[in-house]
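Biologist: I would like to learn how to read a structure of this kind, feature by feature. Could we take it slowly, with the general idea before the particular case?

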Amino acid sequence: MRPTLSWTPTGEPSPGTTDLAPVAEALGGGGVLVLSGAGISTESGIPDYRGEGGSLSRHTPMTYQDFTADPAARRRYWARSHLGWRTFGRARPNAGHRAVAAFGRHGLLCGVITQNVDGLHQAAGSEGVVDLHGRLDRVVCLDCGSFSPRRELAWRLEEVNEGFSPVAAGINPDGDADLTDGQVGDFQVVPCTVCGGVLKPDVVFFGETVPPERAEHCRALVREARTLLVLGSSLTVMSGLRFVRQAAQAGRPVLIVNRDPTRGDRHALTRVALPLGDALTDVAGRLGVPLDERAPTETEPPAGPGA
C-alpha cells in the first residue's frame, strides 16, 4: 500500500484561534511533551509538505519500496538529495527552535519528539530530542548495516560527479531537490565503503516503519507527559498522529499550534492558528523565559560541501 501523503478535512474545518493563553498556561505548569513537524522549520528556509506552497503540490516524496526496488529510482533520489543537501545542510535554527530549547532549559518540558530530519532542535540547544524519522546527516548501508556521516558521502559524490550543479525548482522537507530526469542526467551513485552495498540516508522514508524501540520510547514519553503540545504538524502521517490519539485517550490535554487545520484537531483542546516563531516567542515572553540566554552547545547541523 502507498503511504498516506495527503488528508482532506471532512465537514467544516475549524478556523482555529489566536489565543495563546492555554499554551502559556500548559508550559507554565511544566511536564509538556513537544511533538514538532515540518512547520517549525519553514522559518529556517525549509518548506513544509502540506501548507500553502507545500512541496506535495509539486513533488511526491521517495518511498521505501521504490528506493529499495529500483536502481534508477535510487540514482534519481541521490542526485536530488545531493543537490538539496548543499542548501539543507546550511539551515539554521529559528525562533521556534530556540523557544523550544529555552523551555527545555527552564524545566518546562518532559521531552521533544520531532518528525523532522533536519537536526535543528539539537542545533538550537534542545537535549534528548527523539528524531522519530531519523536524521539526514547520517547514512546507513542496507547490506551490512554500517553507518557513516552524510558529510563524508557528500564529498564522495562531489568527486565522482564533478560539475554537477543544476538549478533546482525547490528544496523539500526531506532535503530532496526538485530536478527533472534531464537534470539528473548520468549522475553517479557510490557504494558503501565497507561492503560495496546500497547506501540510504538514515531516515524513515514514506512507506517505511519507525523502528519499534523508537516508537515505544515515544509512547513512554506520552504516558509521562502532563500535556502534549503539537508544533507545526498537519498530523497527516500516522507515525505522529498515533501519539496525539494516545494522549487524548489517556486524558492528556492536546494543544496544537499550526496555521492550517490538522488531522488531530478533533483530539485537541485548541488549535492556535499563528506563525510558530511569533507564537512561541510571545509565550516565552509571557513566561519570562529568555530565548537566547546562552549559545547552543549541541552539534550544529553539518554543512554541505564547500561550506
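This is a predicted model: local features need pLDDT of at least 70, side-chain atom pairs count only at pLDDT 80 or more; totals for chains, interfaces and linings use all residues.

Biologist: Where does C195 lie, and which residues does C195 contact beyond its neighbours within four places in sequence?

Modeller: C195 sits in the loop that joins α7 (181–184) to β6 (199–203). Once the neighbours within four places in sequence are left aside, C195 is in contact with C141, D143 and C144.

Biologist: Which residues does the UniProt annotation "binding site" cover?

Modeller: According to the UniProt record, an unreviewed entry, the annotation "binding site" covers C141, C144, C192 and C195. These residues are spread over 55 residues of sequence, and yet they cluster in space, with a largest C-alpha distance of 8.7 Å. C144 is placed in the loop between β4 (134–141) and β5 (147–149), and its relative accessible area of 39% makes C144 partly exposed. Apart from neighbours within four places in sequence, C144 is in contact with C192, V194 and C195.

Biologist: What does the UniProt annotation "active site" cover, and is that residue buried or exposed?

Modeller: The unreviewed UniProt entry gives H133 for "active site", and H133 is found in the loop between β3 (129–131) and β4. H133 is buried, because its relative accessible area is 13% and the limit for buried is under 20%. Not counting residues up to four places away in sequence, H133 touches T114, Q115, V117, D202, V203, V204, V210, R214 and S239.

Biologist: Now I would like to turn to helices: how does one describe two that pack together?

Modeller: Two packed helices are described by the angle between their axes and by the distance between those axes. Take helix α3 (residues 71–88) and helix α6 (residues 150–160), whose axes come within 11 Å and cross at roughly 110 degrees. α3 and α6 are therefore roughly perpendicular to each other, and their crossing is left-handed.

Biologist: Which residues of α3 and α6 meet?

Modeller: From α3 there are W78, S81, H82, W85 and R86, and they meet R150, L153, A154, L157 and E158 in α6. R150 deserves a separate look, for this residue of helix α6 counts as buried at 1% relative accessibility. Leaving aside neighbours within four places in sequence, R150 is in contact with W78, S81, H82 and W85, and also with L136, D137, R138 and V139. The C-alpha atoms of R150 and D137 are separated by 4.7 Å, although the two residues are 13 residues apart along the chain.

Biologist: At what angle do the axes of helix α4 and helix α10 cross?

Modeller: The axes of helix α4 (residues 95–105) and helix α10 (residues 276–287) cross at roughly 30 degrees and come within 8 Å. That makes α4 roughly parallel to α10. The contact is made by A95, G96, A99, V100 and F103 of α4, together with G277, L280, T281, V283, A284 and L287 of α10. As for handedness, the crossing of α4 and α10 is left-handed.

Biologist: How does helix α1 pack with α10?

Modeller: Helix α1 (residues 21–29) and α10 pack at an angle of about 55 degrees, with their axes 10 Å apart, and that makes α1 oblique to α10. The crossing in which α1 passes α10 is right-handed. Here the contact is made by A21, V23, A24, L27 and G28 of α1 and by V283, R286 and L287 of α10. G288, found in the segment after α10, is exposed, with a relative accessible area of 58%. G288 and G28 are 260 residues apart in sequence, and their C-alpha atoms are 10.0 Å apart in space.

Biologist: Finally, what average pLDDT does the protein have, and where does pLDDT stay under 50?

Modeller: The protein averages a pLDDT of 87, and 86% of the residues score at least 70. Over residues 1–5, pLDDT stays under 50, and the model has 16 contacts for them beyond four places in sequence. Over residues 295–307, pLDDT also stays under 50, with 35 contacts beyond four places in sequence.

Terms used:
Residues are numbered from 1 along each chain as its sequence is written. Side-chain values use heavy atoms; hydrogens and water are left out. UniProt positions are given in the numbering used here, feature names are shortened, and annotations may be inferred rather than shown by experiment. Helices (H or I, at least four residues) and strands (E, at least two) are DSSP runs, numbered from the N terminus. Buried means under 20% relative accessible area, exposed over 50%, partly exposed in between (1.4 Å probe, protein chains only). Contact means heavy atoms within 4.5 Å. pLDDT is the predictor's confidence in each residue, from 0 to 100. Axes are lines fitted to C-alpha atoms, for helices over the stretch in contact, and angles run from 0 to 180 degrees between N-to-C directions. Angles under 35 degrees count as roughly parallel, over 145 as roughly antiparallel, 65 to 115 as roughly perpendicular and the rest as oblique. A crossing is left-handed if the near helix is turned anticlockwise from the far one by less than a right angle, and right-handed if clockwise.
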